[in-house]
Amino acid sequence: MLCVRHIYAFALRRCQFRTLSSDTLLSQLNSCTTEDQVFDLVGKNKAKLSEKHVGSAISLLWKFQKEKSHLLRNIDYVKNHSQFLTLRILAENKIDFMDNELLVDTLYNVLRFTEAHDSLVEELVMEGWRRLERFSLPILSKFALCLNEQQMYCSPLIGKIADIVNVNLDSIQDPRVLSVLMICISSVISQNFQDRLIQKAELLLETVNFINLNHARRMVQFLRNVRVTYRPLLEKCNKVFLENPSQLDLENISLILGLYQSLQFNNTEFRLVTKQKLTETIDDCTNPVSFTRLFAALGPMAGQEVRERLIATALLMAEEFNCHQALVVLETMEEMECRNSHLIQKIASVLHKYLDKYKPTELAKITQALVLLHCHNAELYTKLRRLLVGYLQVNVVPSDISMLTRVLSMLPSSQVDEVLINRVDAVLPQCSLSDLNSCAIALVRWVHHDQSHQQSTSGPGAKLLQKLSNCGYQRLQKASDLDLLLEELKHISGEWFEEILVEETINTCQRLMDQITWMNVLEFSSFLIKTNYRCTPLLDRIASVAVQHMSKIHPSGTYALLLPFTVTNYDPQSEEFFETCIQHFSSHLGCFEPHLLVLLGYSLAIAEYFPPAVINAIFNVDFLTKLDAQLETLPDTLNWRVRLRLMELNRAVCLECPEFQIPWFHERYCQQMQRKGNGSTNKAQEQIHRMLGEILGGSQYAKVSVLTPYYYGIDFECILDKNKKPLPYMDPSIVLADLVQWGPDIQLQGKKGLPPGTQRIAVEFLDSKAFCKNSCHLKGEIAMKKRHLEILGYQVVQIPHFEWNSMELSSKDAWMEYLKKSIFETNQMLRNRARRLRQHGEDMKSESGTDLSQSTGPRVVDIMVAMGHVHAVERRFWAQETSTDWWDCIVLQVWDESQ
């Protein structure tokens with residue numbers, strides 16, 4: 001029966017086709033210029049309309065809407081018109097007579113005006129399913145797009161389309177067809193199929209002469225859908241965006257920036273181009289729709305002047321925002337760390353008006369943003385709490401319950417109650433580690449709140465926290481797939497995880513470490529950095545996998561590989577690990593974003609590696625100019641961090657590698673940081689200071705909070721003569737006399753030298769932050785600071801917190817004896833160590849014939865400093881600045897002592 005039906009439909013189409021060229025009704029439809037003209041023509045010719053006429057009429061109706069701006073579209077007028085109902089009925093009756101292209105075009109156009117559950121849509125989808133095998137690839141892609149718009153992401157029909165694409169992938173040569181299909185089938189594909197699609201997309205981007213911006217954008221969207229940051233494809237797509245600046249309108253820029261943010265991908269050139277284009281459109285964004293997009297896209301990367309303009313416009317337009325626009329503005333304000341109290345209060349009042357319209361996830365976002373922006377609106381918070389608790393009581397999804405619990409704990413004066421306890425308790429067995437962490441954060445807040453109000457520490461919150469911890473242990477013990485575990489651990493942080501679960505998590509990772517491969521090694525390294533845990537078997541596994549598969553890892557990924565080793569101050573058993581990483585990225589420095597290259601250089605400096613290619617790439621005017629431009633587009637926190645790391649790298653190169661002749665150009669920056677800093681001391685430091693005074697013979701013999709050349713801060717400093725007798729700090733001219741500095745007038749600042757044989761002692765109290773979490777091993781940064789202070793001529797005495805606070809040192813006499821030994825009995829030990837270093841260096845030089853000054857190990861200058869023969873700071877460089885801003889381009893003019 002079905003075959004007869006299709007034969008009849010085909011015959012009828014053939015009969016109608018022969019009169020197509022002389023179809024006056026179709027010509028009249030095509031000459032229409034408004035919706036009313038189409039409806040008038042449909043009303044007068046109902047009986048004459050064929051499936052071609054119906055499809056053409058619906059297509060024209062959407063064409064007219066598409067040509068209008070969003071504000072001027074009248075979708076409701078069209079879909080509620082009586083003649084549109086006529087078209088729908090006719091289309092439903094004539095589905096069998098439509099050819100494949102007309103069928104899919106009609107479905108696409110009808111979806112612009114109706115809902116997914118509309119009967120016409122359902123009939124068109126069913127007919128499309130029946131014809132699926134006969135669709136050409138372009139028609140198939142458009143049909144898949146229609147299904148995607150109906151949110152049929154994982155339906156059997158999408159699976160069938162994926163099978164067809166899998167079979168015909170090699171024959172696809174149209175980037176539009178491929179990009180649409182990639183998005184539509186992204187939820188139902190295997191890892192292998194995913195890799196094939198990415199490779200195909202790369203191939204088309206390389207071989208097709210012209211790529212539309214939308215095609216590349218959809219490829220980026222595919223990567224976002226499958227949650228893969230595949231940099232080669234992202235970089236190719238980014239190149240397409242930059243080659244089509246005319247297509248970078250506000251809507252496209254907003255979409256691309258959102259995708260990049262989700263993928264944690266950043267490109268300086270794209271951000272600078274879009275920042276300029278967005279800034280130029282500020283005056284044109286005069287309605288809430290366009291301004292909201294502009295505010296969200298430009299706000300986070302705008303300079304202070306542009307931010308103030310955006311905030312001023314937002315204040316004027318706030319009352320016109322709908323519920324969605326108000327939420328977007330609030331989230332952007334949170335990202336911008338906006339502190340404009342007037343705008344905060346105005347947006348809060350708009351949100352209060354729409355609060356009942358928001359979904360639970362949106363309420364969670366609102367709560368978090370308002371709290372972080374320090375909004376003071378008790379009435380709003382009361383209503384928020386009522387709505388959140390209401391959703392919590394009826395929700396059964398563990399991730400939603402954990403989210404609602406976490407944001408409830410953020411509300412001012414929030415207290416745990418029985419409803420919250422019961423809801424969390426009910427879903428604990430189904431919670432992922434991420435969900436458990438969210439609940440734990442909330443419970444810890446409530447437990448601390450109870451303790452601060454002198455309530456019982458064994459209350460329901462504390463008991464549930466213990467049960468929650470047990471669930472976390474059990475989930476870790478049952479874990480058998482490292483990739484799934486990493487997915488759960490991706491966003492975990494906070495006191496509960498660090499104190500309760502981190503050790504068991506590391507044990508689980510060790511049990512699964514055979515599953516560390518080149519595909520997940522970067523993600524695993526990033527996780528390990530967060531734990532502050534020094535697990536040598538895991539680190540060795542990372543190094544082994546990286547060395548074996550380095551060619552498969554993107555060069556920029558080496559930063560994430562190196563970081564756990566430099567942070568934890570660990571040299572892996574795989575001796576070639578650092579060299580392999582350096583060789584891998586040295587010829588690809590151009591693929592690094594400027595800020596990432598600075599962070600990489602600093603990380604290598606911690607481990608005493610100074611690759612000439614990296615150092616020369618960073619310390620030149622062109623790079624610094626490019627970095628300055630990029631930092632203007634980055635969030636304030638990252639901006640501050642990169643500037644600090646550049647200063648620290650500059651300091652490390654000046655001290656450890658004078659052969660590079662890189663000048664010190666951060667004097668003014670360090671002075672500014674010094675003025676902003678606070679000089680607070682803890683009880684242990686105050687205690688040590690008092691005892692130093694007693695040991696040395698008075699407070700005048702020990703100086704507190706000393707600032708060294710190159711702006712290292714040390715807790716205490718004392719000076720011993722050659723007989724180990726302390727020298728008082730009475731004559732200010734001798735304080736820095738041996739630590740020679742060059743100033744802008746190219747004259748020595750010190751006037752008198754210290755007596756011969758004098759030794760400076762730097763005493764540092766090391767709290768828990770100076771050590772890896774699970775050991776007494778110094779972190780890389782602290783080890784580097786000690787190294788640099790020794791180069792500056794100091795004998796460094798480090799007092800670990802676990803020694804100072806130990807049972808062995810539980811009396812004043814024990815503390816005094818400990819300090820005496822540390823200060824007065826360390827010189828000979830340092831000389832013995834220096835002698836061993838010198839012998840080791842001479843042996844290496846005689847064996848290899850290389851210049852140790854160019855190597856990454858101990859250099860001759862280090863050994864001489866340790867022996868006390870020279871002070872490394874006697875050779876110092878100075879950079880003459882060309883403007884009052886430390887960040888302006890630097891003219892590298894180098895002087896040494898002879899000049």
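Trainee: Phe578 and Tyr609: are they buried or exposed?
Mentor: Keep in mind that this is a predicted model. To count as buried, a residue needs a relative accessible area under 20%. Phe578 and Tyr609 are both in that class: buried.

Trainee: How many aromatic pairs does the count come to?
Mentor: For a pair, the ring centres have to lie within 6.5 Å of each other. Apply that rule here and the count is 21.

Trainee: Take Phe565 and Phe577. Is that aromatic pair stacked or tilted?
Mentor: Their centres are 4.5 Å apart, with 45 degrees between the planes. Stacked would need under 30 degrees and edge-to-face over 60. The angle of 45 degrees falls between those cut-offs, so the pair is tilted.

Trainee: How many residues apart are Phe565 and Phe577?
Mentor: Phe565 belongs to helix 31 (residues 558–568), while Phe577 is in helix 32 (residues 577–586). The pair therefore links distant parts of the chain. The separation in residues is 12.

Trainee: What relative accessible area does Phe577 have?
Mentor: Start with Phe565, which is buried at 1%. Phe577 is buried too, and its relative accessible area is 0%.

Trainee: Where in the chain is Tyr609?
Mentor: Phe578 is in helix 32, and Tyr609 is 31 residues away from Phe578. Tyr609 itself is in the loop between helix 33 (594–606) and helix 34 (612–618).

Trainee: Which residues do ring pairs link into a cluster with Phe565?
Mentor: The Phe565 ring pairs with that of Phe577. Ring pairs link Phe565 into a cluster with Tyr570, Phe577, Phe578 and Tyr609.

Trainee: How far is Arg112 from the ring centre of Tyr108?
Mentor: Arg112 has two rings to talk about. Its charged end sits over the ring of Trp62, 5.9 Å from the centre. Arg112 also lies over the face of Tyr108, where the distance to the ring centre is 3.9 Å.

Trainee: Which helices do the buried residues of helix 7 pack against?
Mentor: Helix 7 (residues 100–110) is mostly covered, with 8 of its 11 residues buried. Among them are Leu102, Leu103 and Leu107. The buried residues pack against helix 4 (51–66), helix 8 (119–130) and helix 9 (137–149).

Trainee: At the start of helix 7, which residue's backbone nitrogen does a side-chain oxygen of Asp99 reach?
Mentor: The cut-off for a polar contact is 3.5 Å. The Asp99 oxygen comes to within 3.3 Å of the backbone nitrogen of Glu101.

Trainee: How many disulfides does the structure hold?
Mentor: A disulfide needs two cysteine sulfur atoms within 2.5 Å. Cys237 is buried at 0% relative accessibility, and Cys338 is buried at 5%. The number of disulfides in the structure is 0.

Trainee: Which residues does Arg423 touch, not counting those up to four places away in sequence?
Mentor: Arg423 is part of helix 24 (residues 418–427). Its relative accessible area is 18%, which makes it buried. With those sequence neighbours left out, Arg423 touches Leu392, Gln393, Asn395, Val396 and Ile401.

Trainee: What percentage of the 899 residues count as buried?
Mentor: The protein has 43 helices and 7 strands. Of its 899 residues, the buried share is 52%.

Terms used
Residues numbered from 1 in each chain as written. Predicted model: local features only at pLDDT ≥ 70, side-chain atom pairs only at ≥ 80, totals over all residues. Heavy atoms only, no water. Phe/Tyr/Trp six-rings, centres within 6.5 Å; stacked < 30°, edge-to-face > 60°. Helix = DSSP H or I, 4+ residues; strand = E, 2+ residues; numbered from the N terminus. Buried < 20%, exposed > 50% of the residue type's maximum accessible area, 1.4 Å probe, protein only. Lys NZ or Arg CZ within 6 Å of the ring centre and 35° of its normal. Contact = heavy atoms within 4.5 Å. Polar contact = N/O pair within 3.5 Å; in protein donor to acceptor, adjacent residues only side chain to side chain.
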